[in-house]
Amino acid sequence: MTRAINLAPLLLAATAAAQEMPGMPSATAPSPGVLIPRLQGRVWLFEDGQTLIEESVRLEYGLARDLSISAELPIYQGFFDAPRPSDGDIGFGDMDLLLELRILREDLNAIDTVRASLFAGAELPTASGGFAEPTLNPCFGGVFSSITGRHGFDVSGRFTFNTGEGMASPLFLTDLGDDFANLDAGYAYRIHPEAYGEERVAAWYLTVELNSVWTTGDNHEILVSPGLLIEAPTYAIELGVGIPLSMEVDPAPQVEFAFLAGVRLLF
Amino acid sequence: MHRIHVITAALCCALGASCASTPRPTSSPAAISGPNTLTDGRYTLVVHGMSCPKCISNVEMQLTRISGITSPIVDMKNGFVRVEVSGGKSPTKDAIANAIADSGFTLVEIRGGVE
């Protein structure tokens, strides 16, 4: 099973593809017929110097005004001690397939808006190379986003039914075999421009997220994730780090630090 | 495997119920002030909810799909989209409102002339 998309320390988009936190869902989606690819790379540093490089490819497509579909496939390269995948080995994680429905869009003035979406789908059993357990795991959740002037707020929750047995040598908390919930909250502050003008400029945001995972096996993981988001009319760049606040993940290794870099494109 | 089927069926039912109650754009075309049909000339569309630079591309992409509308220019500061109507195509207010809604925002008013 793959690590859930919003577990990372640091990104998703209603039609606006508006400002999106780097590491958690936002209540945004592509316009009908619009495809938004997202490439994201993460480096996970675990205890004992073990390292995992994760590269994920995500495609999101607008099916209708308020309905979109997305697929995300993570690719892993591990640098571990036995019995985990040996140095340099490469494998896939489970593909995340979601249908997202916007249930609220209230545009308050030129800039301010509130939006909410529900999503449901499954992790598909595409994992290979010992990086995750290939299982079909249904999931559902919701996300609320609000933009007020220079301030953006997001809150999301997702529950995943784990149908696997759990990995003998799990990498992540979500590989233990328990059902789990992702609970995330994020805040973005636009540092540039102070106010929008008539010219086209990229907007720069400082972001901070609280990313957490809670399992039915009484394990949990909470990370605080500061980041930087640069958003232009046709692309967005995101950078971030993940710092553990609280971890009960035994027997999975503890994450000591995580880095994230990503890019989103609008076609 | 039985558990997967039960869970999947529950999720499909929940999503189906939500689809049936999907809200339409906040402003219906009848509530939007401005002409029902746009003759050749310049107009200013007052749009709400354009909160980021990517909104510009979304709005422009959807508006340029309407026959007769050219050169949309977004002014995020005021929530204006300036457009030119040409070629005698006479796009309707409904078509413009739907394009703005498809791009993820709300058309509030159509003003004649460019502000």
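Which residue follows α3(B), and what is its phi? Gly104(B) follows α3(B), and its phi is positive, near 105°. Helices (H or I, at least four residues) and strands (E, at least two) are DSSP runs, numbered from the N terminus.

**Model and confidence**

This is a predicted model, in which local features need pLDDT of at least 70, side-chain atom pairs count only at pLDDT 80 or more, and totals for chains, interfaces and linings use all residues. Residues are numbered from 1 along each chain as its sequence is written, and chains are lettered from A and ligands numbered from 1 in the order in which they are written. The model scores ipTM 0.84 and pTM 0.85. The predictor's confidence in each residue is its pLDDT, from 0 to 100.

| Chain | Mean pLDDT | Residues with pLDDT of at least 70 |
|---|---|---|
| Chain A | pLDDT 89 | 92% |
| Chain B | pLDDT 79 | 72% |

In chain B, residues 1–26 have a pLDDT below 50, and this stretch has 30 contacts beyond near neighbours in sequence. In chain A, pLDDT stays under 50 over residues 1–17, which have 110 contacts beyond four places in sequence. A contact here means two C-beta atoms, placed from the backbone, within 7 Å. Where pLDDT is low, the predicted coordinates should not be read in detail.

**Chain A**

Chain A has 0 helices and 13 strands. Its radius of gyration, taken over C-alpha atoms, is 18 Å. The globule rule (2.2 Å times the number of residues to the power 0.38) gives 18 Å for 267 residues, so chain A is as compact as a globular protein of that length. Along its principal axes the C-alpha trace spans about 60 × 35 × 30 Å. Buried residues make up 52% of the 267. A residue is buried if 20 or more other C-beta atoms lie within 10 Å of its own, exposed if 12 or fewer, and partly exposed in between; the C-beta atoms are placed from the backbone.

Strand β9(A), residues 180–192, pairs with two others. Pairing requires at least two DSSP bridges between the strands. β8(A), residues 151–160, runs antiparallel to β9(A) and is joined to it by 10 bridges. There, Phe153(A) stands opposite Tyr187(A). β10(A), residues 203–215, is also antiparallel to β9(A), over 12 bridges. Here Ala185(A) has Leu210(A) as its bridge partner.

**The cores**

A nonpolar core is a set of buried Ala, Val, Leu, Ile, Met, Phe, Trp, Tyr and Cys residues joined through C-beta atoms within 7 Å. The largest one has 38 residues. Among those with the most contacts inside it are Leu45(B), Val59(B) and Leu107(B). β10 of chain A supplies at least two residues of this core, as do β1, α2, β2, β3, α3 and β4 of chain B. α3(B) gives the most, with 5 residues. Apart from this core lies another, of 17 residues, including Trp44(A), Leu52(A), Val249(A) and Leu260(A). In soluble globular proteins, nonpolar side chains tend to be buried together.

α2(B) is mostly covered, with 9 of its 11 residues buried. Val59(B) is one of the buried residues. Beyond four places in sequence, Val59(B) touches residues including Val47(B), Met50(B), Val81(B) and Ile100(B). Ile100(B) is buried in α3(B), along with Ile96(B), Ala97(B), Ala99(B), Ala101(B) and Asp102(B). The cover over the buried residues of α3(B) includes β1, α2 and β4 of chain B.
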